[in-house]
Amino acid sequence: MRILITGISGMLGVDLYETLREEYEVVGLDLKDFPSTSFPSPPLSKVDITDEHGVREVFRQLAPDFVIHTAAYTDVDGCERDPARAYKVNALGTQNVCLASQDLNIPVMYISTDFVFDGKKNYSYTELDEPHPLNVYGRSKLAGENYVRSLVERYFIVRTSWLYGPHGKNFVETILKLAEEKEEFTVVDDQVGSPTYTKDLAQEMKKLVSSSSCGIYHITNSGSCSWHNFAEEILELAGLRRVKVKPITSKELNRPACRPRFSVLKSTSSGRGAEDTMRSWKEALREYIKRDRRHESN
Ligand SMILES: NC(=O)c1ccc[n+]([C@@H]2O[C@H](COP(=O)([O-])OP(=O)(O)OC[C@H]3O[C@@H](n4cnc5c(N)ncnc54)[C@H](OP(=O)(O)O)[C@@H]3O)[C@@H](O)[C@H]2O)c1
């Protein structure tokens, strides 16, 4: 089976490729080159998903049997400042991927976000909850979900949250860099979610690829925390307890995009097999900081 990953050079895309390549033939599409890594690079087509004709042509040439669509404009505040770009990439780009997949009659797995919810519920969101995004990024990703649902017969929508991993800019790296530069800094304490390691997510997505149970799936590491708790755990695991992190409110931080106060996801779907609960976010973070991150920087 040949799998096409859009956004293959991104943070999740690289780990997905690494996870899938031993069992499947994997090809990719992205705007940028694949990063230099310890494993061989995949065949990659440089195509902008907003180019409908270009996407259709590449799909026709590559003839995939399955598409995993991770490419997106993921800068949440950038989306707020430039809603036209957010919709063009995240909604219309997804429409193009769906139309090209329709031509070949193949399944699409679309990666979506906890930010489709408004966070007012105060307990975990399941796949049955009605989305109600607070910001442009969330609205554009939800529009992408709606294209997937209406245009693709066999679809998987995987909602996940607070991703970090070895191949992209992420919160863990931001905190470790800040700790190198400062003895004290601030992090918001009034947004709660589930940090998720891209390698763990990729493993769960691999299980779904071989399943025939289409639908919506919430997939995150288990447990939850605030960004402030997350920062403290990162510093603890990195042996940087001397650095102080002061809690602040979202209002004090004053970012362009409003974020949900509580966006913990829970799964009621059972299409992934018996072991649906993933390991805790703390355990996954430990592995990233103690093992994978060091390996990556060598
Ligand atoms: N990061 C998170 O915390 C998080 C949480 C929940 C859900 N998600 C979803 O998970 C997916 C993967 O996220 P990620 O953090 O791995 O994102 P990422 O690192 O930004 O990767 C996305 C990749 O897509 C590429 N891309 C962007 N616009 C494109 C276009 N018009 N045509 C073709 N390729 C394009 C990007 O290239 P450039 O870098 O050159 O733009 C990048 O290589 C996304 O769909 C995102 O919405 C992410």
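A crossing of two helices is right-handed if the near helix is turned clockwise from the far one by less than a right angle, and left-handed if anticlockwise. Helices (H or I, at least four residues) and strands (E, at least two) are DSSP runs, numbered from the N terminus.

This is a predicted model, in which local features need pLDDT of at least 70, side-chain atom pairs count only at pLDDT 80 or more, and totals for chains, interfaces and linings use all residues. Residues are numbered from 1 along each chain as its sequence is written, and side-chain values use heavy atoms, with hydrogens and water left out.

**Stop 1: α2 and α4**

Select residues 52-62 for α2 and 83-104 for α4. α2 passes α4 in a right-handed crossing. Their axes come within 9 Å and cross at roughly 35 degrees; axes are lines fitted to C-alpha atoms, for helices over the stretch in contact, and angles run from 0 to 180 degrees between N-to-C directions. Now show the side chains in contact (heavy atoms within 4.5 Å). On α2 these are Glu-52, Val-55, Arg-56 and Phe-59, and they meet a set on α4 that includes Asn-96, Val-97 and Leu-104. The contact divides into 6 nonpolar, 2 polar and 3 charged residues. Here Ala, Val, Leu, Ile, Met, Phe, Trp, Tyr, Cys and Pro count as nonpolar, Asp, Glu, Lys and Arg as charged, and the others, Gly among them, as polar.

**Stop 2: α6 and α8**

Next select residues 171-181 (α6) and 227-237 (α8). The two axes come within 10 Å and cross at roughly 65 degrees, and this crossing is right-handed. α6 brings Phe-171, Val-172, Ile-175, Leu-176 and Ala-179 to the contact, while α8 brings Trp-227, Phe-230, Ala-231, Ile-234 and Leu-235. What kinds of residue make up the contact of α6 with α8? There are 10 nonpolar, no polar and no charged.

**Stop 3: the ligand**

Select the ligand and the 24 residues around it, of which Leu-12, Lys-32, Asp-48, Tyr-137 and Lys-141 come nearest; a residue counts as near if one of its heavy atoms lies within 4 Å. The shell holds 12 nonpolar, 8 polar and 4 charged residues.

Then display the polar contacts (pairs of N or O atoms within 3.5 Å):

- Lys-32: a side-chain N or O atom is 2.7 Å from an oxygen atom of the ligand.
- Asp-30: a side-chain N or O atom is 2.9 Å from an oxygen atom of the ligand.
- Asp-48: a polar side-chain atom lies 2.8 Å from a nitrogen atom of the ligand.

Taken alone, the ligand exposes 890 Å², and the protein buries 84% of that (Shrake-Rupley method, 1.4 Å probe). Finally, color α1 (11-20), β5 (108-113) and α5 (136-151), the elements that give two or more residues to the shell. β5 gives the most, with 3 residues.

Notes:
Polar contact = N/O pair within 3.5 Å; in protein donor to acceptor, adjacent residues only side chain to side chain.
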